[in-house]
Amino acid sequence: MSDIVIGKGSGEETFRTRTVVLILAVGILGFIATLVLGAFAPDLRSGRNGGAHALSTSATGYSGIVRLAKATGRNPQVTRDEHLLNTKSLVILTPEKGATDMSGVLAQRGKRPTLVILPKWDTLVDPLHSGWVHYTGLKPTFEADGVLAPADKLTTVRHPSGGRPLRISTDLPQTIRLFAPRPLQTISGRGIVPLITDQDGRIVLARLPGRDLFVLADPDLLSNIGMANATQAKSALELLDSLNYADRESILFDVTLNGFGHSRSPLKLLFEPPFLAMTLAVAVAVLLAALQGIVRFGSPRPRERAIAFGKAALIDNAAMLVRKAGRQAMLGPRYVDTIRERAVTVFGVSPQLRDGALDTYLDGLGRRERFTDLAENARNARDRRSVFAAAQALHLWLWEKNR
(Lines give C-alpha, C1' and ligand atoms only; values in the text may rest on other atoms or scores of the structure.)
Protein backbone atom coordinates (compact mmCIF):
# COMPACT_ATOMS: atom_id res chain seq x y z
CA MET A 1 0.00 0.00 0.00
CA SER A 2 2.88 2.35 0.78
CA ASP A 3 6.51 2.57 1.90
CA ILE A 4 5.46 3.58 5.45
CA VAL A 5 6.25 0.74 7.81
CA ILE A 6 3.44 0.01 10.24
CA GLY A 7 4.74 -1.85 13.22
CA LYS A 8 8.20 -3.30 13.67
CA GLY A 9 10.19 -4.75 10.74
CA SER A 10 13.51 -6.50 10.45
CA GLY A 11 14.97 -3.86 8.09
CA GLU A 12 17.26 -6.45 6.48
CA GLU A 13 17.94 -6.32 2.71
CA THR A 14 17.18 -9.34 0.55
CA PHE A 15 20.52 -9.04 -1.28
CA ARG A 16 23.61 -7.28 -0.07
CA THR A 17 24.81 -4.40 -2.22
CA ARG A 18 28.14 -6.11 -2.78
CA THR A 19 26.40 -9.25 -4.06
CA VAL A 20 24.27 -7.29 -6.52
CA VAL A 21 27.31 -5.38 -7.83
CA LEU A 22 29.22 -8.66 -8.26
CA ILE A 23 26.34 -10.26 -10.17
CA LEU A 24 26.04 -7.24 -12.48
CA ALA A 25 29.82 -7.13 -13.09
CA VAL A 26 29.97 -10.83 -13.99
CA GLY A 27 26.96 -10.48 -16.30
CA ILE A 28 28.36 -7.43 -18.11
CA LEU A 29 31.81 -8.99 -18.54
CA GLY A 30 30.24 -12.20 -19.81
CA PHE A 31 28.15 -10.28 -22.33
CA ILE A 32 31.18 -8.33 -23.60
CA ALA A 33 33.23 -11.54 -23.85
CA THR A 34 30.44 -13.17 -25.87
CA LEU A 35 30.41 -10.25 -28.31
CA VAL A 36 34.20 -10.31 -28.76
CA LEU A 37 34.35 -14.08 -29.22
CA GLY A 38 31.45 -13.94 -31.67
CA ALA A 39 33.25 -11.27 -33.70
CA PHE A 40 36.65 -13.01 -33.80
CA ALA A 41 35.53 -16.66 -33.73
CA PRO A 42 36.48 -17.32 -37.40
CA ASP A 43 40.00 -15.99 -36.76
CA LEU A 44 40.45 -18.13 -33.66
CA ARG A 45 40.03 -21.46 -35.43
CA SER A 46 43.44 -23.12 -35.46
CA GLY A 47 42.93 -25.14 -38.63
CA ARG A 48 44.50 -28.23 -37.06
CA ASN A 49 42.06 -30.57 -38.76
CA GLY A 50 44.61 -32.55 -40.77
CA GLY A 51 43.60 -30.98 -44.10
CA ALA A 52 45.78 -29.93 -47.01
CA HIS A 53 46.05 -26.18 -46.36
CA ALA A 54 48.43 -23.60 -44.92
CA LEU A 55 47.11 -23.93 -41.35
CA SER A 56 47.50 -27.69 -41.19
CA THR A 57 50.42 -29.34 -39.40
CA SER A 58 49.71 -32.78 -40.87
CA ALA A 59 51.93 -34.42 -43.47
CA THR A 60 49.65 -33.18 -46.25
CA GLY A 61 49.43 -29.61 -44.89
CA TYR A 62 51.55 -26.59 -45.80
CA SER A 63 52.31 -24.97 -42.44
CA GLY A 64 55.96 -26.04 -42.83
CA ILE A 65 56.60 -23.95 -45.94
CA VAL A 66 54.77 -21.02 -44.28
CA ARG A 67 57.00 -21.18 -41.20
CA LEU A 68 60.11 -21.59 -43.34
CA ALA A 69 59.18 -18.58 -45.48
CA LYS A 70 58.59 -16.53 -42.35
CA ALA A 71 61.92 -17.57 -40.85
CA THR A 72 63.75 -16.49 -44.02
CA GLY A 73 62.11 -13.03 -44.18
CA ARG A 74 59.63 -13.65 -47.00
CA ASN A 75 56.66 -12.31 -44.97
CA PRO A 76 54.10 -15.05 -45.72
CA GLN A 77 50.46 -14.35 -44.87
CA VAL A 78 47.68 -16.86 -44.32
CA THR A 79 44.52 -15.05 -45.38
CA ARG A 80 40.97 -15.92 -44.39
CA ASP A 81 39.41 -13.03 -46.31
CA GLU A 82 39.06 -13.36 -50.08
CA HIS A 83 38.96 -9.57 -50.41
CA LEU A 84 42.64 -9.51 -49.40
CA LEU A 85 43.60 -11.60 -52.44
CA ASN A 86 43.54 -8.51 -54.64
CA THR A 87 47.32 -8.08 -54.47
CA LYS A 88 50.33 -8.26 -56.79
CA SER A 89 52.01 -10.84 -54.57
CA LEU A 90 51.93 -14.55 -55.33
CA VAL A 91 48.78 -16.24 -54.04
CA ILE A 92 48.82 -20.00 -53.36
CA LEU A 93 45.50 -21.83 -53.59
CA THR A 94 45.13 -25.32 -52.10
CA PRO A 95 41.69 -26.74 -53.00
CA GLU A 96 41.08 -30.15 -51.43
CA LYS A 97 38.27 -31.27 -53.75
CA GLY A 98 37.49 -31.00 -57.40
CA ALA A 99 34.07 -29.55 -56.60
CA THR A 100 35.61 -26.51 -54.86
CA ASP A 101 34.34 -23.35 -56.56
CA MET A 102 37.41 -21.31 -57.54
CA SER A 103 35.81 -19.12 -60.19
CA GLY A 104 35.44 -16.06 -57.96
CA VAL A 105 39.01 -16.18 -56.66
CA LEU A 106 40.54 -16.78 -60.10
CA ALA A 107 38.47 -13.96 -61.62
CA GLN A 108 39.71 -11.64 -58.88
CA ARG A 109 43.30 -12.63 -59.47
CA GLY A 110 43.17 -12.04 -63.23
CA LYS A 111 46.65 -12.19 -64.75
CA ARG A 112 48.51 -11.78 -61.46
CA PRO A 113 50.73 -14.69 -60.35
CA THR A 114 48.69 -17.49 -58.78
CA LEU A 115 49.78 -21.00 -57.90
CA VAL A 116 47.15 -23.78 -57.69
CA ILE A 117 48.22 -26.99 -55.93
CA LEU A 118 46.16 -30.02 -56.92
CA PRO A 119 44.91 -32.52 -54.31
CA LYS A 120 46.47 -35.98 -54.12
CA TRP A 121 46.02 -37.87 -50.86
CA ASP A 122 42.99 -39.30 -49.05
CA THR A 123 43.56 -39.12 -45.30
CA LEU A 124 41.82 -39.94 -42.04
CA VAL A 125 42.19 -37.83 -38.90
CA ASP A 126 44.22 -39.46 -36.13
CA PRO A 127 41.94 -39.48 -33.03
CA LEU A 128 44.95 -39.78 -30.67
CA HIS A 129 47.02 -36.87 -31.98
CA SER A 130 45.51 -33.50 -32.82
CA GLY A 131 46.44 -32.41 -36.36
CA TRP A 132 47.81 -35.80 -37.41
CA VAL A 133 46.40 -37.96 -40.18
CA HIS A 134 46.61 -41.50 -41.50
CA TYR A 135 46.98 -42.23 -45.21
CA THR A 136 44.00 -44.14 -46.58
CA GLY A 137 45.08 -43.98 -50.22
CA LEU A 138 45.17 -41.68 -53.21
CA LYS A 139 42.26 -39.51 -54.23
CA PRO A 140 40.55 -40.42 -57.49
CA THR A 141 42.16 -38.57 -60.40
CA PHE A 142 38.86 -36.87 -61.26
CA GLU A 143 39.23 -34.79 -58.06
CA ALA A 144 42.42 -33.19 -59.41
CA ASP A 145 40.99 -32.98 -62.95
CA GLY A 146 37.94 -31.06 -61.70
CA VAL A 147 39.82 -28.30 -59.87
CA LEU A 148 40.09 -26.00 -62.90
CA ALA A 149 37.33 -27.61 -64.99
CA PRO A 150 35.48 -26.76 -67.11
CA ALA A 151 37.41 -23.59 -68.01
CA ASP A 152 40.74 -25.47 -68.17
CA LYS A 153 40.68 -29.18 -68.87
CA LEU A 154 43.60 -31.04 -67.37
CA THR A 155 44.28 -34.75 -67.15
CA THR A 156 45.99 -36.17 -64.08
CA VAL A 157 48.13 -39.32 -64.19
CA ARG A 158 50.27 -41.09 -61.54
CA HIS A 159 53.54 -42.86 -62.23
CA PRO A 160 56.20 -44.72 -60.27
CA SER A 161 59.07 -42.25 -59.95
CA GLY A 162 61.87 -43.97 -58.11
CA GLY A 163 62.60 -40.64 -56.42
CA ARG A 164 64.64 -39.42 -59.41
CA PRO A 165 65.53 -35.73 -59.86
CA LEU A 166 63.07 -33.55 -61.72
CA ARG A 167 63.99 -31.46 -64.72
CA ILE A 168 63.78 -27.68 -64.33
CA SER A 169 62.87 -25.45 -67.30
CA THR A 170 65.17 -22.65 -68.31
CA ASP A 171 62.42 -20.23 -67.28
CA LEU A 172 63.22 -21.10 -63.65
CA PRO A 173 66.50 -20.76 -61.69
CA GLN A 174 68.74 -23.71 -62.37
CA THR A 175 69.74 -23.81 -58.72
CA ILE A 176 66.42 -25.51 -57.94
CA ARG A 177 66.94 -29.17 -57.03
CA LEU A 178 63.76 -31.16 -56.61
CA PHE A 179 63.21 -34.91 -56.46
CA ALA A 180 60.12 -36.77 -57.61
CA PRO A 181 57.74 -37.90 -54.84
CA ARG A 182 56.52 -41.50 -54.79
CA PRO A 183 54.26 -41.96 -56.62
CA LEU A 184 54.58 -38.93 -58.88
CA GLN A 185 51.43 -37.08 -59.97
CA THR A 186 51.62 -35.32 -63.34
CA ILE A 187 49.24 -33.38 -65.60
CA SER A 188 48.68 -32.85 -69.30
CA GLY A 189 46.49 -30.46 -71.24
CA ARG A 190 46.25 -28.38 -74.38
CA GLY A 191 48.56 -25.36 -74.55
CA ILE A 192 50.05 -25.63 -71.04
CA VAL A 193 53.70 -24.64 -70.73
CA PRO A 194 55.88 -27.11 -68.75
CA LEU A 195 58.15 -25.62 -66.12
CA ILE A 196 59.09 -28.75 -64.17
CA THR A 197 58.95 -32.28 -65.65
CA ASP A 198 60.15 -35.75 -64.77
CA GLN A 199 62.84 -37.60 -66.66
CA ASP A 200 60.27 -38.73 -69.24
CA GLY A 201 58.95 -35.22 -69.92
CA ARG A 202 55.68 -35.56 -67.97
CA ILE A 203 54.60 -32.23 -66.52
CA VAL A 204 54.78 -31.61 -62.77
CA LEU A 205 54.52 -27.78 -62.79
CA ALA A 206 52.89 -25.91 -65.68
CA ARG A 207 51.79 -22.42 -66.63
CA LEU A 208 48.43 -22.05 -68.28
CA PRO A 209 48.43 -20.14 -71.58
CA GLY A 210 47.75 -16.39 -71.63
CA ARG A 211 48.13 -15.74 -67.87
CA ASP A 212 50.38 -16.28 -64.90
CA LEU A 213 48.31 -19.14 -63.49
CA PHE A 214 50.61 -21.95 -62.38
CA VAL A 215 49.48 -25.48 -61.57
CA LEU A 216 51.52 -27.80 -59.36
CA ALA A 217 50.41 -31.35 -60.05
CA ASP A 218 52.11 -33.04 -57.08
CA PRO A 219 51.54 -31.34 -53.70
CA ASP A 220 54.33 -33.33 -52.02
CA LEU A 221 56.87 -30.88 -53.40
CA LEU A 222 55.61 -28.14 -51.07
CA SER A 223 53.73 -30.03 -48.34
CA ASN A 224 55.04 -30.71 -44.85
CA ILE A 225 56.28 -34.14 -45.85
CA GLY A 226 58.39 -32.55 -48.58
CA MET A 227 59.94 -30.06 -46.14
CA ALA A 228 61.65 -32.90 -44.26
CA ASN A 229 64.54 -32.69 -46.73
CA ALA A 230 66.71 -29.55 -46.43
CA THR A 231 67.59 -29.46 -50.14
CA GLN A 232 63.96 -29.89 -51.09
CA ALA A 233 62.88 -27.15 -48.67
CA LYS A 234 65.48 -24.69 -49.99
CA SER A 235 64.48 -25.38 -53.59
CA ALA A 236 60.79 -24.94 -52.70
CA LEU A 237 61.52 -21.42 -51.44
CA GLU A 238 63.48 -20.61 -54.60
CA LEU A 239 60.59 -21.89 -56.68
CA LEU A 240 58.11 -19.60 -54.88
CA ASP A 241 60.49 -16.66 -55.29
CA SER A 242 60.73 -17.25 -59.03
CA LEU A 243 56.92 -17.41 -59.37
CA ASN A 244 56.54 -14.28 -57.21
CA TYR A 245 58.44 -12.06 -59.64
CA ALA A 246 55.93 -9.17 -59.49
CA ASP A 247 56.18 -8.49 -55.74
CA ARG A 248 58.79 -10.12 -53.52
CA GLU A 249 57.49 -8.46 -50.35
CA SER A 250 54.96 -11.14 -49.44
CA ILE A 251 53.45 -14.54 -50.28
CA LEU A 252 49.77 -15.19 -49.58
CA PHE A 253 48.44 -18.63 -48.66
CA ASP A 254 44.67 -18.74 -49.09
CA VAL A 255 42.52 -20.85 -46.76
CA THR A 256 39.09 -19.54 -47.77
CA LEU A 257 38.77 -22.41 -50.24
CA ASN A 258 39.38 -24.81 -47.33
CA GLY A 259 36.47 -23.56 -45.26
CA PHE A 260 38.33 -21.09 -43.03
CA GLY A 261 37.22 -17.90 -44.74
CA HIS A 262 34.96 -15.28 -43.26
CA SER A 263 33.12 -12.26 -44.55
CA ARG A 264 33.42 -8.76 -43.15
CA SER A 265 31.40 -8.55 -39.98
CA PRO A 266 29.90 -5.27 -38.69
CA LEU A 267 30.36 -6.66 -35.18
CA LYS A 268 34.07 -7.17 -35.78
CA LEU A 269 34.45 -3.63 -37.11
CA LEU A 270 33.38 -2.32 -33.70
CA PHE A 271 36.53 -3.81 -32.17
CA GLU A 272 38.98 -2.74 -34.87
CA PRO A 273 40.47 0.69 -35.67
CA PRO A 274 39.18 3.27 -36.46
CA PHE A 275 35.81 2.25 -34.98
CA LEU A 276 37.42 0.93 -31.79
CA ALA A 277 37.74 4.50 -30.46
CA MET A 278 34.00 5.08 -30.89
CA THR A 279 33.22 1.74 -29.21
CA LEU A 280 35.37 2.64 -26.20
CA ALA A 281 33.77 6.10 -25.97
CA VAL A 282 30.27 4.60 -25.96
CA ALA A 283 31.33 2.02 -23.37
CA VAL A 284 32.70 4.74 -21.06
CA ALA A 285 29.52 6.81 -21.48
CA VAL A 286 27.35 3.80 -20.58
CA LEU A 287 29.57 3.07 -17.56
CA LEU A 288 29.25 6.65 -16.31
CA ALA A 289 25.49 6.58 -16.79
CA ALA A 290 25.32 3.31 -14.85
CA LEU A 291 27.38 4.76 -12.01
CA GLN A 292 25.11 7.80 -11.86
CA GLY A 293 22.10 5.52 -11.69
CA ILE A 294 23.60 3.41 -8.90
CA VAL A 295 24.60 6.29 -6.64
CA ARG A 296 21.66 7.77 -4.75
CA PHE A 297 21.43 11.53 -4.15
CA GLY A 298 19.63 12.32 -0.88
CA SER A 299 17.14 10.20 1.04
CA PRO A 300 14.70 8.04 -0.91
CA ARG A 301 11.26 9.52 -1.47
CA PRO A 302 8.49 7.22 -0.19
CA ARG A 303 5.75 6.31 -2.57
CA GLU A 304 2.29 7.77 -2.09
CA ARG A 305 -0.34 5.63 -0.42
CA ALA A 306 -2.75 3.81 -2.68
CA ILE A 307 -5.57 5.00 -0.33
CA ALA A 308 -4.77 8.42 1.10
CA PHE A 309 -5.63 9.73 4.55
CA GLY A 310 -8.08 12.60 5.28
CA LYS A 311 -11.63 13.75 4.58
CA ALA A 312 -10.92 14.63 0.95
CA ALA A 313 -9.76 11.11 0.23
CA LEU A 314 -12.83 9.69 1.99
CA ILE A 315 -15.13 11.90 -0.06
CA ASP A 316 -13.37 11.02 -3.30
CA ASN A 317 -13.64 7.30 -2.55
CA ALA A 318 -17.32 7.62 -1.67
CA ALA A 319 -17.99 9.56 -4.87
CA MET A 320 -16.15 6.93 -6.88
CA LEU A 321 -18.30 4.17 -5.35
CA VAL A 322 -21.53 6.08 -6.11
CA ARG A 323 -20.38 6.71 -9.68
CA LYS A 324 -19.50 3.06 -10.24
CA ALA A 325 -22.84 1.98 -8.84
CA GLY A 326 -24.67 4.41 -11.16
CA ARG A 327 -26.67 6.03 -8.30
CA GLN A 328 -25.94 9.70 -9.02
CA ALA A 329 -29.62 10.40 -9.90
CA MET A 330 -30.72 9.37 -6.39
CA LEU A 331 -28.59 12.01 -4.64
CA GLY A 332 -30.90 14.99 -5.39
CA PRO A 333 -33.38 14.59 -2.47
CA ARG A 334 -30.58 13.81 -0.01
CA TYR A 335 -28.64 16.91 -1.03
CA VAL A 336 -31.79 19.00 -0.50
CA ASP A 337 -32.05 17.66 3.08
CA THR A 338 -28.34 18.42 3.63
CA ILE A 339 -28.67 22.02 2.44
CA ARG A 340 -31.86 22.51 4.58
CA GLU A 341 -30.09 21.28 7.71
CA ARG A 342 -27.08 23.46 6.93
CA ALA A 343 -29.32 26.53 6.42
CA VAL A 344 -31.02 25.93 9.77
CA THR A 345 -27.66 26.02 11.50
CA VAL A 346 -26.23 28.94 9.52
CA PHE A 347 -29.32 31.25 9.77
CA GLY A 348 -30.30 30.31 13.30
CA VAL A 349 -33.80 29.12 12.33
CA SER A 350 -36.12 28.24 15.20
CA PRO A 351 -36.25 24.50 15.83
CA GLN A 352 -40.06 24.77 16.05
CA LEU A 353 -40.32 25.27 12.27
CA ARG A 354 -40.83 21.99 10.43
CA ASP A 355 -41.38 20.81 6.87
CA GLY A 356 -43.52 23.31 4.91
CA ALA A 357 -43.17 26.08 7.46
CA LEU A 358 -39.39 25.75 7.33
CA ASP A 359 -39.34 25.84 3.53
CA THR A 360 -41.58 28.93 3.55
CA TYR A 361 -39.24 30.65 5.96
CA LEU A 362 -36.19 29.81 3.74
CA ASP A 363 -38.02 31.18 0.70
CA GLY A 364 -38.40 34.50 2.47
CA LEU A 365 -34.65 34.89 2.97
CA GLY A 366 -33.97 36.00 -0.61
CA ARG A 367 -35.52 37.86 -3.47
CA ARG A 368 -34.04 36.19 -6.55
CA GLU A 369 -34.52 32.44 -6.19
CA ARG A 370 -36.77 30.51 -3.85
CA PHE A 371 -35.49 27.52 -1.89
CA THR A 372 -38.55 25.43 -2.67
CA ASP A 373 -38.07 25.85 -6.44
CA LEU A 374 -34.41 24.79 -6.25
CA ALA A 375 -35.32 21.86 -4.00
CA GLU A 376 -38.02 20.71 -6.45
CA ASN A 377 -35.53 20.82 -9.33
CA ALA A 378 -33.10 18.67 -7.33
CA ARG A 379 -35.81 16.10 -6.48
CA ASN A 380 -36.92 15.83 -10.13
CA ALA A 381 -33.37 15.43 -11.53
CA ARG A 382 -32.87 12.00 -13.18
CA ASP A 383 -29.38 12.07 -14.74
CA ARG A 384 -25.90 13.00 -13.60
CA ARG A 385 -25.78 16.39 -15.34
CA SER A 386 -29.15 17.61 -14.04
CA VAL A 387 -28.33 16.42 -10.49
CA PHE A 388 -25.03 18.28 -10.61
CA ALA A 389 -26.68 21.49 -11.91
CA ALA A 390 -29.38 21.39 -9.25
CA ALA A 391 -26.88 20.70 -6.45
CA GLN A 392 -24.68 23.55 -7.66
CA ALA A 393 -27.65 25.91 -7.65
CA LEU A 394 -28.52 24.94 -4.06
CA HIS A 395 -24.94 25.42 -2.96
CA LEU A 396 -24.81 28.86 -4.63
CA TRP A 397 -28.12 29.83 -2.97
CA LEU A 398 -26.70 28.99 0.47
CA TRP A 399 -23.45 30.82 -0.25
CA GLU A 400 -25.21 33.99 -1.43
CA LYS A 401 -27.50 34.08 1.60
CA ASN A 402 -24.56 33.57 3.93
CA ARG A 403 -22.33 36.34 2.55
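I began with Trp-397, which counts as buried at 1% relative accessibility (buried being under 20% relative accessible area with a 1.4 Å probe, protein chains only). The model is predicted, so I noted that local features need pLDDT of at least 70 and side-chain atom pairs pLDDT 80 or more, while totals for chains, interfaces and linings use all residues. Residues are numbered from 1 along each chain as its sequence is written, and side-chain values use heavy atoms, without hydrogens and water.

I then looked up aromatic pairs (rings of Phe, Tyr and Trp, the last by its six-membered ring, with centres within 6.5 Å; planes under 30 degrees apart are stacked, over 60 edge-to-face, the rest tilted). I found 3 aromatic pairs. One of them joins Phe-347 and Trp-397 edge-to-face, at 6.4 Å centre to centre and 85° between the planes. Because Phe-347 lies in helix 9 (residues 332-347) and Trp-397 in helix 12 (residues 384-401), the pair ties together parts 50 residues apart in sequence; helices here are DSSP runs of H or I, at least four residues, numbered from the N terminus. I recorded Phe-347, Phe-371 and Trp-397 as one aromatic cluster.

I checked Leu-172 for contacts (heavy atoms within 4.5 Å). Beyond its neighbours within four places in sequence, Leu-172 contacts residues including Leu-195, Ile-196, Leu-205 and Ser-242.

Notes
Helices (H or I, at least four residues) and strands (E, at least two) are DSSP runs, numbered from the N terminus. Buried means under 20% relative accessible area, exposed over 50%, partly exposed in between (1.4 Å probe, protein chains only).
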